[in-house]
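Have a look at the sequence and structure first, and then we can go through them together.

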Amino acid sequence: MKLLPQIQVEGGAEWLARTATQCLIDEARLSPKPGLVDSRGNGAHHDLSLALMERSAHSLTPTFQALALQSWQRPADIALRQTVGRLGREGEKQMMAATDGVNTHRGAIWALGLLVSAVAMHGGVGSAQQVAMTAAELAKLPDAAAPKVFSKGLRATHRYQVPGAREEAQQAFPHVMQRALPQLRLSRLNGSSETHARLDALMAIMTSLTDTCVLSRAGLEGLDAMQDGARAVLSAGGSAHPAGQAALAALDSHMLALNASPGGAADLLAATLFLDRIESPYFKH
Ligand SMILES: CC(C)(COP(=O)(O)OP(=O)(O)OC[C@H]1O[C@@H](n2cnc3c(N)ncnc32)[C@H](O[C@H]2O[C@H](COP(=O)(O)OP(=O)(O)OP(=O)(O)O)[C@@H](O)[C@H]2O)[C@@H]1O)[C@@H](O)C(=O)NCCC(=O)NCCS
Ligand SMILES: Nc1ncnc2[nH]cnc12
């Protein structure tokens, strides 16, 4: 194994942290997103705003940087899993301090934290597929120090017998790798603007994700509305087409009426943008 000089490791970790933060900001600003906070407003949320989401994203840069530095060229083993778990929980505390106790990005810290670590484990040079597989290896290892809390996500996965954030990572992010990333690139190839390509990628996730945020707030009715509505947008030609835009507006109204917000899908869009960027020719350090 060729070891990089420390300065390159530090530069790589800094780039990864800045990029992960920017992906969170890009996701938050993207509009119009159904039920979610975006540059138009607060969606279905009373305690969130775009300014809060951006403050939260910035508060996480040191966490991503520490994750990258600690994971650089290390194998997926229990020792690294413990370090990543500890840093992730510290990141959650930073987020809560920055938002006065509002949960803005818990799921995003999990997904992007694992992916940042996985890129670093590959020494900054893995493909999206390799990185997702490595993140899954890490996610499958036991996290002995995890507090025994029965979270909203766990409650929803047990009640409805569906996979949640944990399983998405342990299965190497199928909604990112098999749906969102291909859709993002297809929409770009078809001439869609970057905004429309990202909205289409979000729709691709929402067609089948069992988003525990939606299940907790709006049950199976909310989940069906999300999945059916997202399919309608894509089958109308996507968000760049007038019929797709009408379907997206109808989905937004439906989600707001049900008080449903696909926060898990939003996190996975940020993860998609991150994996897209690590494969772009500009990823050099
Ligand atoms: C493994 C953990 C993610 C914990 O997961 P668990 O399911 O037990 O716990 P939750 O606290 O419910 O967090 C899961 C969050 O993941 C997002 N999510 C939901 N469904 C999926 C899915 N199918 N696939 C992927 N991701 C999913 C979602 O996060 C977003 O929503 C949050 C906002 O939700 P909202 O309901 O609006 O807010 P609340 O305040 O909770 O409710 P209201 O009052 O508003 O109604 C926001 O965080 C978004 O990011 C779920 O919330 C993981 O946290 C863990 O184990 N961490 C330990 C540390 C660790 O090991 N880290 C390693 C990597 S750094
Ligand atoms: N844009 C957004 N709105 C609401 N919850 C979110 N969780 C992650 N991104 C979000």
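The shell around ligand 2 is made up of five nonpolar, three polar and three charged residues. Keep in mind as you look that this is a predicted model. The residues in question are Glu27, Lys33, Leu36, Val37, His45, Leu48, Met53, Thr104, Gly263, Ala266 and Asp267. Helix H13, which spans residues 263-278, contributes the most to this shell, with three residues.

Now zoom in on the nitrogen atoms of ligand 2. The side chain of Glu27 places an N or O atom 2.9 Å from a nitrogen atom of the ligand. Backbone atoms take part as well: an N or O atom of the Val37 backbone is 3.0 Å from a ligand 2 nitrogen, and a polar backbone atom of Thr104 is 3.5 Å from a nitrogen atom of ligand 2. On its own, ligand 2 would expose 260 Å², and the protein buries 96% of that.

Let's turn to ligand 1. Its shell counts 36 residues, of which Asn103, Arg106, Ser151, Lys152 and Asp267 are the closest. By type, the shell of ligand 1 holds 10 nonpolar, 15 polar and 11 charged residues.

For ligand 1, follow the oxygen atoms. The side chain of Arg166 has an N or O atom 3.1 Å from one oxygen atom of the ligand, and for the side chain of Arg217 the distance to a ligand 1 oxygen is 3.1 Å. A polar backbone atom of Ala108 lies 3.4 Å from an oxygen atom of ligand 1. Taken alone, ligand 1 exposes 1300 Å², 88% of which the protein buries.

Technical notes: Residues numbered from 1 in each chain as written. Chains lettered and ligands numbered in written order. Predicted model: local features only at pLDDT ≥ 70, side-chain atom pairs only at ≥ 80, totals over all residues. Heavy atoms only, no water. Near = heavy atom within 4 Å. Polar contact = N/O pair within 3.5 Å; in protein donor to acceptor, adjacent residues only side chain to side chain. Areas by Shrake-Rupley, 256 points an atom, 1.4 Å probe, with all protein chains shown as cover. Helix = DSSP H or I, 4+ residues; strand = E, 2+ residues; numbered from the N terminus. Nonpolar A, V, L, I, M, F, W, Y, C, P; charged D, E, K, R; others polar.
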